[in-house]
Structure formats: C-alpha cells, structure tokens
Amino acid sequence: MQPQIVIENLAGIHNTHPQTAERLALGKAYKDLSTICIVPTRGVVPAKVVQSWMGMISPMNQKFTRIFAIGMEVGEAYSSTIAQILSHPELSQWKYILTLEEDNMPPQDGLLKLYENIDKYAAVGALYWTKGEGGQPMIYGEGKDNDIHFRPQQPTQDIQECDGLGMGLTLFQLDVFKDPRLSYPWFKTLNDLVPGQGVQMMTQDLYFFKNIRELGYKIACDTRVKVGHYDVNADIVW
C-alpha cells in the first residue's frame, strides 16, 4: 500500500462526471421501457443460445416478460401472439415488442443499445448474418422512400436506416401494430403462385417491413449490436 495524501471528494464520481447526464439520457432508463419479448420456437432451444439469453441485461425496475410460441409457423406465431397482446388489458399498454429467435445469441448490452434509438424508428434491429460461408448481413435496402428494396447492404454506420431486417433481435414500437392501415396477419410467409405475376416469395419479416415502409414508417439496424447466428447441427456461430 502506497502512502497517500487524502483530498476528500464527497460528491462522488457520478455526481461530478460531466458525461453522466448524457449517459442517462441516451439509455432512456428513466422512461417507460416496458417490453414483451416474443420467442417462436420448435420446442427445444440450444443450451448455448439460452446461456446468451440469460446474460442479456434489461433495464433496472422496468417491466419485461417473455412469451414463447411453441410449434407454430413463424409468421403465425408472431401475428397471433401480438393479437393476444393487443387484446390484453395490461399488456396492450406496454411500449415495446422484442422479437428473439431460437438460434440467435445477443450480447449482454444488446437490448440496452436498441432502446437508445427506438424513439426515432418503428423498429430497430441488431446486426446478424445469414448462416453459411456466403452469409449476408440482414440489413435490407437503403431506407429511401422512393426506392424500397431488399438487397442486402454493407454495414457502414452505427445506426443504419434500411427497408428490412431480420427478427432475431429486433425491437418494435407496440403502437405500430395499432395502426388501422395495417391488417392482420401482420407477419405472413409468402410462397404463392399469383396469376399474371408468377411466384411471390417473401419471408414473414420482409412482408411486414414492406407494408410499414410503404406507409412511411422508418426502420434501422443498430450495427453496434452484433448477434451470433447459431447452427446447432454444425455447432458454429455465424
């Protein structure tokens, strides 16, 4: 132990640090961040994925709950669960929906970072990639109102506006689902033969994002939140 000359600092670090107020404002933990996490699953979640979920932090003294939808088609799982939430006297008043899927491994501070920018967007999602050697970032389109498309984009900035996201770790404003211009089911997997147009194929996530982008809603990918995409058969995190 080294000799010291003690000069008292009774106020403490957090009272005197100039960035404390900025940190609190960015984290929004003083606001209502009540969140319902929806998890569609086939019924068994890999242990490595569960371990990552157990480490994900939710804000102090905020309402947070999980709802599992077991054995349902993924679009139906999301749509029917949200419909039940909207019909519930308490849950319908909560602020956010968080989608989390059984092969996605979020970082500990992933949800906290998604909260930082959700006020500006209908949805903010984490950055993760499709599985395999040729994996693509799930940032679809450039977020331009006059050019909505779903071509994968390179991660170029921390908060990157886009036209579509995956749903492995994505935060939605619940009020979006109360918009009467959107009809049930909000999420629908398309694989249909349309006369005169050919085959229409679209995953449930891009079906939803296409509809809200056409209504003028903004969405973004928070590329700071890097999520692993777990292949349980190969035991590889992409």
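**Figure 1. The largest pocket of this predicted model has a volume of about 260 Å³.** A pocket is an open set of points on a 1 Å grid over the protein atoms alone, with protein on both sides within 12 Å along at least five of seven lines, for a 1.4 Å probe. Lining residues have an atom within 4 Å of a point. Grid points are joined across faces, edges and corners, and a volume is the space filled by probe spheres set on the points. Helix α2 (20-27) and α5 each give two or more residues to the lining. α2 gives the most, with four residues. Helices here are DSSP runs of H or I, at least four residues, and strands are runs of E, at least two, numbered from the N terminus. The lining includes Arg23, Lys28, Pro59, Tyr115 and Glu116. Seven lining residues are nonpolar, one is polar and three are charged. Ala, Val, Leu, Ile, Met, Phe, Trp, Tyr, Cys and Pro count as nonpolar, Asp, Glu, Lys and Arg as charged, and the others, Gly among them, as polar.

The model is predicted: local features need pLDDT of at least 70, side-chain atom pairs count only at pLDDT 80 or more, and totals for chains, interfaces and linings use all residues. Residues are numbered from 1 along each chain as its sequence is written, and side-chain values use heavy atoms, with hydrogens and water left out.

**Figure 2. The second largest pocket holds about 180 Å³ of space.** Its lining includes Glu73, Glu101, Tyr128, Met167 and Thr189. Thr203, Gln204 and Asp205 also line this pocket. The lining divides into four nonpolar, three polar and three charged residues.

**Figure 3. Helix α6 (residues 204-214) is mostly covered.** Eight of its 11 residues are buried. Buried means under 20% relative accessible area, exposed over 50%, and partly exposed in between (1.4 Å probe, protein chains only). Among the buried residues are Gln204, Asp205, Phe208, Phe209 and Arg213. Glycine 216 follows α6 and has a positive phi, near 95 degrees.

Figure 4. Leaving aside neighbours within four places in sequence, leucine 171 is in contact (heavy atoms within 4.5 Å) with residues including Thr35, Leu98, Leu114 and Val124.

**Figure 5. Helix α3 has buried residues Val49, Ser52 and Trp53.** They lie on the same side of α3, because they cover an arc of only 100 degrees around the axis. The arc is that of the directions from the helix axis to the C-beta atoms. Ala47, Gln51 and Met54 are exposed on the other side of α3. The buried residues pack against β1, β2 (64-70), β3, β4 (104-105) and β13 (228-231).

Figure 6. A cis peptide bond joins tyrosine 184 and proline 185, with omega about 0 degrees. Lysine 28 is buried, with a relative accessible area of 9%. Asparagine 61 is exposed, with a relative accessible area of 75%.
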